[in-house]
Every structure is written in C-alpha cells, then in structure tokens.
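Please look through the structure below, first as a whole and then element by element. The paragraphs that follow go from overall dimensions to a helix, a strand, a set of charged pairs and a stretch of surface.

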Amino acid sequence: MATLVISLAAIFTIAAFVNSVRGSLLAWVDQMVTADLIVSSGARTAGPRNVPLKEDLLPALKTVPGVKIVDLYRLIRSSYEGKPILIESFSARESAIVRTLPMASGKGTQALQEMSEGKGVIISESFQSKFGKEANDTIELATPSGRIAFRILGVYVDYSSDVGSVLIDRALYKRYWREELVDAYDLWLEAGADQQAVIQNIKEQYGEPYQLFISTHSELRKAVVRIMEQSFVVNYAVEIVAVVVAIFSVINTLLASILDRTREIGVLRAIGATQAQVRGIVVLEAGWMGALGGLLGLFAGSIMSYHHVVYNTKVLTGWTFQFYYPYDVAVFSVIASVVLCLIAGYGPAKQAAAIPIVAAIGYE
C-alpha cells in the first residue's frame with residue numbers, strides 16, 4: 001500500500017511539474033513575445049545562429065501595407081563580475097504601447113516607460129538570483145565606451161536563458177556600444193490585416209536579398225511546446241516505471257494477504273462461498289486499495305509538487321514557475337489507480353479461489 005501511494009505521488013509530482021512548466025512558458029511567450037511577426041536572417045530566432053542585419057531595412061518594413069509598428073531587437077553576449085550575461089536591446093519608445101513584460105518585481109508598464117526615457121535597465125530574474133541585485137540598485141556594465149552605471153528599473157521573468165539578461169533601450173545601446181546591428185525586427189500588424197499577405201509581401205520584396213526568415217507568434221508557441229515535450233521525454237519514462245512498480249506492489253500485497261488468510265478463505269469456501277465469490281472479494285479488495293491509494297497518493301503528490309514547483313525549482317534554476325494544478329491528471333490518476341489495481345488483483349483472486357478447501361482449512 002505504501003509503495004502504491006509513493007509511486008502515485010511521484011507520478012503526480014512529475015505531471016504537475018511538467019504542467020506548471022508548460023503553462024508558465026506559454027504564459028511567458030504570450031506576454032513577452034507579443035509581436036505578430038518576427039523577421040530575422042539566417043535563423044528563425046535571435047541567437048548564435050542568426051545573421052545580424054543593418055537598420056536599412058527599417059524604413060522599408062514600415063511601408064509594408066498592414067504593418068503598424070516595427071521594433072528592432074539586438075542580443076549580444078557580455079559579462080558582469082566575471083560571469084557571462086546577455087545584453088538585450090529594443091526600441092522601448094516604439095513598442096511600449098504594444099509590448100508587455102512579465103514582471104517578478106515592479107510594474108511592467110512603468111518600467112518600460114522609464115526604460116524608453118533612458119532612465120535605466122531592467123534585469124531578468126536569473127540575473128537577480130545570480131548577483132543579488134534588486135530594483136533601484138545600480139549595476140556597472142562594460143561597454144566599448146567604458147564602464148557605465150545603470151539604475152535597475154525592475155526585474156522581469158525570463159525563461160529564455162539562465163545566465164542572466166539585462167534589457168536596455170536601443171538608443172542607449174547604440175550610444176554606449178557604438179553599433180547599429182539588428183538581430184530581429186518585431187512587427188505588430190494593423191487590426192484586421194492579412195498576416196499571410198504581409199508575410200508574402202515581405203518575402204517577395206526583401207526575402208531574397210536579406211535571406212529573411214519570418215516567424216509568427218503561433219509558430220513560436222508551437223516551437224516552445226515541441227522543445228519542452230522533447231525535454232521531458234525522460235520524465236514520462238520515469239512515470240511508466242512508477243506505474244509498473246505500483247502494479248507489482250499491489251500484486252505482492254494481495255498475495256501476502258491471501259497467504260495470511262488462507263484458513264479464512266477455506267472457512268468461507270466450507271460454508272458455501274463459491275469460487276466466483278472469493279474472486280470477487282479479492283478483486284474488490286484490490287479496487288478499494290487502488291481507490292484509497294490513489295487518493296492518498298494524490299494528496300501527497302499535491303503537496304510534493306507544489307513545494308517542488310514553487311520552492312525547489314526556484315533554488316535550482318533561479319526561475320519562478322507558476323503552479324498549474326493538473327486537474328485532468330488528478331482525475332485520471334485516481335481512475336487509473338482503481339482500474340490497474342482491479343486488473344492486478346485478478347491473478348491473486350484466481351489463485352485464492354483455486355485453493356482446495358481441505359488444504360486451506362488445515363493451513364497454518
């Protein structure tokens with residue numbers, strides 16, 4: 001019984017963790033990447049594989065029918081206190097009205113407004129965890145113009161990297177880093193604009209000369225889900241192992257119970273109980289074991305999963321994940337526990353019914 005509860009608690013903890021990570025990542029994508037289209041060169045996302053573009057494409061993209069706002073995004077690698085970090089810049093003044101930031105501390109709208117005015121930078125939650133910095137603190141970043149001090153305007157949630165990121169307005173970036181390269185153009189479209197028509201227009205006019213990749217918001221969401229599913233394949237294997245262990249624990253428990261109650265079974269058979277009734281009693285016992293074990297495992301798993309998602313993950317990764325309770329998995333776990341226990345109990349039940357009456361009564 002204890003093994004069943006522990007196995008079910010482990011299964012539910014894994015399921016709740018996966019569900020919470022999935023929900024948190026998708027919510028982050030919806031808040032962080034609000035652009036309808038992301039235009040880049042060499043790769044679909046800004047990173048080591050993409051080819052930086054120049055700003056000369058900006059006026060052209062602004063004239064494409066259906067395009068409302070164009071923002072310029074740049075990502076470079078840097079260091080802080082001898083540790084690697086990322087510097088990310090975009091035109092907060094251009095996109096503040098359509099861009100949102102999932103904040104760990106501070107108000108996103110206010111932080112973006114102050115950032116667009118050049119009053120400071122916004123750091124990621126992982127940066128805060130690594131370097132112990134808070135809002136209103138000051139950090140000094142190494143730039144081609146020397147070491148420049150920036151005020152921290154807020155802390156935002158970022159799952160794209162665990163090295164720590166610093167968001168800075170593009171105007172400040174160009175001033176201190178002395179470059180005008182762009183990793184991606186973020187495009188927001190007019191209400192009612194035909195997204196496919198805009199994509200086709202950009203590809204026909206500028207796709208070949210600039211080797212452009214154009215990704216949509218929905219494609220990015222699907223990519224996040226696909227990468228996450230691939231990352232958690234090993235967890236599904238652990239769940240399968242836990243299920244197998246739980247089934248064998250039920251079988252062993254019932255077999256041990258039958259041995260302990262062999263004389264009781266013999267007496268029942270002697271006073272008229274049929275083999276079918278004996279089988280039914282053992283299978284019913286297995287079903288009750290599954291129901292009780294499922295509920296206890298669910299209770300223990302809920303506590304374990306909440307603690308793991310909210311506290312352990314924060315300590316291990318520096319990221320804060322929202323806890324998303326997997327109600328579908330909870331209901332399925334209890335039902336599956338009962339069904340699997342009924343199936344597992346059939347073998348011992350058949351064995352118990354097959355014990356000869358005389359041998360059972362004389363069993364010590």
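The protein chain has a radius of gyration of 30 Å, whereas a compact globule of 364 residues would have one near 21 Å; the radius is taken over C-alpha atoms, and the globule rule is 2.2 Å times the number of residues to the power 0.38. This is a predicted model, in which local features need pLDDT of at least 70 and side-chain atom pairs count only at pLDDT 80 or more, while totals for chains, interfaces and linings use all residues. Residues are numbered from 1 along each chain as its sequence is written, and side-chain values use heavy atoms, with hydrogens and water left out.

Along its principal axes, the C-alpha trace of the protein chain spans about 95 × 45 × 30 Å. Its secondary structure comes to 13 helices and ten strands, where helices (H or I, at least four residues) and strands (E, at least two) are DSSP runs numbered from the N terminus. Of the 364 residues, 48% count as buried, a term that means under 20% relative accessible area, with exposed standing for over 50% and partly exposed for what lies in between (1.4 Å probe, protein chains only). The chain exposes about 18000 Å², of which carbon and sulfur atoms supply 61%; these accessible areas come from the Shrake-Rupley method with a 1.4 Å probe, and for residues only the protein chains shown count as cover. Among contacts between residues at least 6 apart in sequence, 79% join residues at least 24 apart, contact meaning heavy atoms within 4.5 Å.

In general, an α-helix has 3.6 residues a turn, so residues three or four places apart point the same way.

The structure holds eight salt bridges. As a general point, side chains of opposite charge can pair when their charged atoms come close. In one of these pairs, the side chains of Arg 99 and Asp 71 meet at 2.6 Å, N to O. Because Arg 99 lies in the loop between helix 3 (92–95) and strand 4 (103–105) and Asp 71 in strand 2, this pair ties together parts that are 28 residues apart in sequence. Arg 99 is buried at a relative accessible area of 10%, and Asp 71 is buried at 0%. Another salt bridge joins the side chains of Arg 74 and Glu 179 (2.6 Å, N to O), linking strand 2 with the loop between helix 6 and strand 9 across 105 residues. Arg 99 has a further partner in Asp 186, at 3.3 Å, N to O. Since Asp 186 lies in strand 9, that pair ties together parts 87 residues apart in sequence.

Leaving aside neighbours within four places in sequence, Leu 37 is in contact with residues including Asp 186, Leu 187, Ile 199 and Ile 214. Leu 37 counts as buried, because its relative accessibility is 0%. Leu 37 and Ile 199 are 162 residues apart in sequence, yet their C-alpha atoms are 8.3 Å apart in space.

Most residues other than glycine have a negative phi. Arg 178, in the loop between helix 6 and strand 9 (184–189), has a positive phi of about 55° although it is not a glycine. Gln 211, in the loop between helix 7 (195–210) and strand 10 (212–216), likewise has a positive phi, of about 50°. Arg 178 counts as exposed at 59% relative accessibility, and Gln 211 as partly exposed at 47%.

Finally, on the surface, Val 331, Ile 335, Val 339, Leu 340 and Ile 343 form a nonpolar patch with about 440 Å² of accessible area together. Patches are made of residues with over 30% relative accessible area and no salt bridge, with like charges joined within 9 Å and nonpolar side chains (Val, Leu, Ile, Met, Phe, Trp, Tyr) within 5 Å. Leu 340 is found in helix 12 (residues 327–353) and counts as partly exposed at 32% relative accessibility.

Key. Salt bridge = Lys/Arg side-chain N within 4 Å of Asp/Glu carboxyl O.
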